[in-house]
Amino acid sequence: MVVDSNRQPRDEHCGAGKNVMTEVGNQVSRRSLNDGEDSFEVTVLEAAEPSRAVLFSVGGGGNPERHLPLLTALAGRGCTVAAPHFARLTSPTPTENELLLRARRLRLALDHILRPGLPVTGVGHSIGATMLLALAGAQAWTRAGQHVPITPDTRLDRLVLLAPATDFFRAPGALDGVSLPILAWAGTRDEITPPAQTKFLNDMLGASVETRIVEGAGHYTFMNCPPPQATDPFPDREALLEEIAEIMCRFITS
């Protein structure tokens, strides 16, 4: 069952998202998809003439509409976007079951929007970037030393990662299964996923990773609408995100 609704973002603090939702109108919908006996919501942005699909993987907060201007920019460049919602992660160390649930629902969301022949890019922030790396073939391990058996999704052909959390892939050979092009951003003032985590990805995968380090950016600088309790040290986040969206669109559609 799919329930289609053109509702606005629930979060009252996310003013930017509300404005964009109003501007794009029926281009954006929030749909309910089945996951066994449960259901979950997916924000979908449909391009008029799609040339690519984008699977957006949100960070620990779970609300992808905090990135809605970015998702709208992607839709405006011919990408149909699926962005599943998740319950907020209450611990900085997610469990195996939480990671498996996210991986499964990301795959279900992609199943929902994908048309035959469309290439697929994964775009993710923080733990969302972790999930995309696992779907791209990386072997994730929890802090407790448990291997997380996530089946790779071969439909992904490139990734864009914002402040990626890569400590899940420190085991020997954990990144050996990743061979697709990656564009990754990190901020020098990110205390949650410091730039060393992005550098590790570059060190392990070499030339397939293009890394961009933003001086003065924090973890939430890469969100159009940071959580209400978050502080962001960057002086002009909006201008930076517009630049990132443009670079990202060129990378995705090239």
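Reply: Leu159 has Ile182, in strand β10, as its bridge partner, where strands (E, at least two residues) and helices (H or I, at least four residues) are DSSP runs numbered from the N terminus. The model is a predicted one, in which local features need pLDDT of at least 70 and side-chain atom pairs count only at pLDDT 80 or more, while totals for chains, interfaces and linings use all residues. Residues are numbered from 1 along each chain as its sequence is written, and side-chain values use heavy atoms, with hydrogens and water left out.

The pairing of Leu159 with Ile182 belongs to a parallel arrangement of β9 and β10 that spans 4 bridges; two strands are said to pair if DSSP finds at least two bridges between them. β10 also pairs with strand β11 (residues 209-214), again in the parallel sense and over 6 bridges, and in this second pairing Trp185 stands opposite Arg212 of β11.

How many residues of β10 are buried? The count is 6 of 6, so the strand is mostly covered, buried meaning under 20% relative accessible area, exposed over 50% and partly exposed in between, with a 1.4 Å probe and protein chains only. Cover is found on both faces of β10, with Ile182, Ala184 and Ala186 buried on one side and Leu183, Trp185 and Gly187 buried on the other.

Ile182 itself is in contact, meaning heavy atoms within 4.5 Å, with Leu133, Leu159, Leu161, Leu201, Leu205, Ser208, Val209, Glu210 and Phe251, when its neighbours within four places in sequence are left aside. Ile182 and Trp185 also belong, together with Met248, to the residues that touch the most other members of the largest nonpolar core, which has 76 residues. The largest share of that core, 9 residues, comes from helix α6 (residues 237-253). A nonpolar core is here a set of buried Ala, Val, Leu, Ile, Met, Phe, Trp, Tyr and Cys residues joined through side-chain atoms within 4.5 Å. In soluble globular proteins, nonpolar side chains tend to be buried together.

Leu133, one of the contacts of Ile182, is a buried residue of α4. Helix α4 (residues 127-135) is mostly covered, with 9 of its 9 residues buried, and the elements that cover its buried residues include β10, β9 and α5, as well as β4 (52-57), α3 (96-113) and β6 (120-125). After α4 comes Gly137, whose phi is positive, near 120°.

The loop that leads from β9 (156-162) to β10 (182-187) holds Pro172, and there the picture is one of exposure, since Pro172 has a relative accessible area of 83%. The C-alpha atoms of Pro172 and Gln139 lie 9.7 Å apart, although the two residues are 33 places apart in sequence.

Among contacts with a separation of 6 or more, 72% are between residues 24 or more positions apart.
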